[in-house]
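Here are my notes on the model you sent over. Have it open beside you as you go through the points.

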Amino acid sequence: MSTVHQIIPVLAPHDAVGNHTLQVRDALRAAGFTSEVFSEFRLGHHAGTGLPLSDYDAHGGQADLVIYQSSTGSSAVDWLLRRSEPLAVNYHNITPASFFEAWDDQAAASMRRARAQLGAMARRSRLALADSPFNAAELTELGYSPVQVSPLLLDLDSRLAAPDPVVAEHLARTRAGRSWLFVGRLAPNKCQHDVIAAFAAYRMLYDRGARLTLVGSEAASSYADALLGLVDDLGVTSAVTFAGPVTDAELAAYYADADAFVCLSQHEGFCVPLLEAMRHDVPVVALAAGAVPDTVGHAAVLVERDAATPHAVAASVHEMLEDDAFRASLVAAGRGVLASHSLDAAKDAFVGAIRTHLASRTGA
């Protein structure tokens, strides 16, 4: 049976790309392939998972295919470009540096490097896989061929937990109106500033007791500081919670409390939290940008870019929340979207893509 290894820069807890990589490894092994994951860095409970990239020659051997999981810059790319093994690139998106240039020069430089490396791998790649049509289009533009959309391997149930009782009690005790939620790193491309502006308009126009919770770690401290200044300027400091990184139980409490998941991100390659919201039956209002329309299908209220003023977004959330039948239809549609992201079906599709590629090379 063939050997198919994976290379990923970092294996980190609660990271969609890292979890996808481990699911791919398990699916390949179950299908009879020899498969290992090699990474430069392993963090948290993944510290004992997989093998260090430095051990590749000792433990990896000459693979029939090496899959590089691409979402950031890495010296692993330079290493791969010097190798002779057939290469496949599984692309999860790299944020354009332009979003970070005003906030974090180092992060912007890292993103420029990552995009340059992605372009350099096109000449070496035998197969390119992307987890959304949006990402596939980027690969095609860079000269990759063939390019195939292959689903992200997601185990959304793995993060399900009973809501943290302390957080749940606090949220219930302090509730005075509707509850907005967004989950994602505090990052310029995710545009929490636009969510805050829309929320302030919603409070002013419709619900003075509403609150907003932003869950996620800081991607750029200067941007996070600007968000704190914005809530103060808009007079909503007491109504906005920056929850930071949270446990699974705390996240479950925030989802259980939420009336609407509001995503105004301008650049997403997939956006797993949209599906997490659907898994918790929280209706979604989102900007129709990047891969978001691909991810949500018809299971969300999509606001077009040229119409996404704070008042328009606030009105979209208000109208959805006031229409019980419409809200219920969104929740039902969300369950349908989740069914289309079945982990077993995604595993079969991914393994099938690898089998087909290897067979085409051998003529089998």
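**Notes on the model**

1. By "exposed" I mean over 50% relative accessible area, by "buried" under 20%, and by "partly exposed" anything in between, using a 1.4 Å probe and protein chains only. Helices (H or I, at least four residues) and strands (E, at least two) are DSSP runs, numbered from the N terminus.

2. Before going further, some ground rules. This is a predicted model, where local features need pLDDT of at least 70 and side-chain atom pairs count only at pLDDT 80 or more, while totals for chains, interfaces and linings use all residues. Residues are numbered from 1 along each chain as its sequence is written, and side-chain values use heavy atoms, with hydrogens and water left out.

3. Tyr223, Ala224, Leu227 and Val231 are the buried ones here. Looking down the axis of helix 8, the buried residues fall within an arc of 100 degrees, so they line one face of the helix; the arc is that of the directions from the helix axis to the C-beta atoms. These buried residues pack against helix 7 (192–205) and strand 10 (240–244).

4. The geometry of helix 8 holds up too. Helix 8 covers residues 221–233, 13 residues in total, and reaches 18 Å from its first C-alpha to its last, close to the 18 Å expected at 1.5 Å a residue. That expected span is 1.5 Å times one less than the number of residues. Just after helix 8, Gly235 takes a positive phi of about 70 degrees.

5. Two strands pair if DSSP finds at least two bridges between them.

6. Strand 1 (residues 4–11) deserves a look, since 7 of its 8 residues are buried. It runs parallel to strand 4 (residues 65–70), joined by 4 bridges, with Val4 opposite Leu65 and Gln6 opposite Ile67. Strand 1 also runs parallel to strand 2 (residues 37–42), through 5 bridges, and Leu11 stands opposite Arg42 there. From strand 1 the chain crosses through helix 1 (residues 16–30) to strand 2, in a right-handed β-α-β crossover. Right-handed means that, with the strands pointing away from the viewer, the path from the first strand over the helix to the second runs clockwise.

7. Where are the nonpolar cores? The largest has 74 residues, and Trp180 and Phe261 have the most contacts inside it. Helix 7 gives the most to this core, with 7 residues. A second, separate core of 25 residues includes Phe38, Tyr91, Ala122 and Tyr144. A core here is a set of buried Ala, Val, Leu, Ile, Met, Phe, Trp, Tyr and Cys residues joined through side-chain atoms within 4.5 Å. Leaving aside neighbours within four places in sequence, Trp180 is in contact (heavy atoms within 4.5 Å) with residues including Val195, Phe199, Tyr202 and Arg211.

8. Most residues other than glycine have a negative phi, and most peptide bonds are trans. Cys191 has a positive phi of about 60 degrees although it is not a glycine; it lies in the loop between strand 8 (179–183) and helix 7. Cys271, also not a glycine, has a positive phi of about 80 degrees and sits in the loop between strand 11 (260–263) and helix 10 (272–279). Cys191 is buried at a relative accessible area of 2%, and Cys271 is buried at 6%. A cis peptide bond joins Ser145 and Pro146, with omega of about -5 degrees.

9. Phe350 is in helix 14 (residues 343–362) and is buried, with a relative accessible area of 2%. Phe350 and Ala27 are 323 residues apart in sequence, yet 8.5 Å apart in space, C-alpha to C-alpha. Beyond its neighbours within four places in sequence, Phe350 is in contact with His20, Val24 and Ile67, among others.
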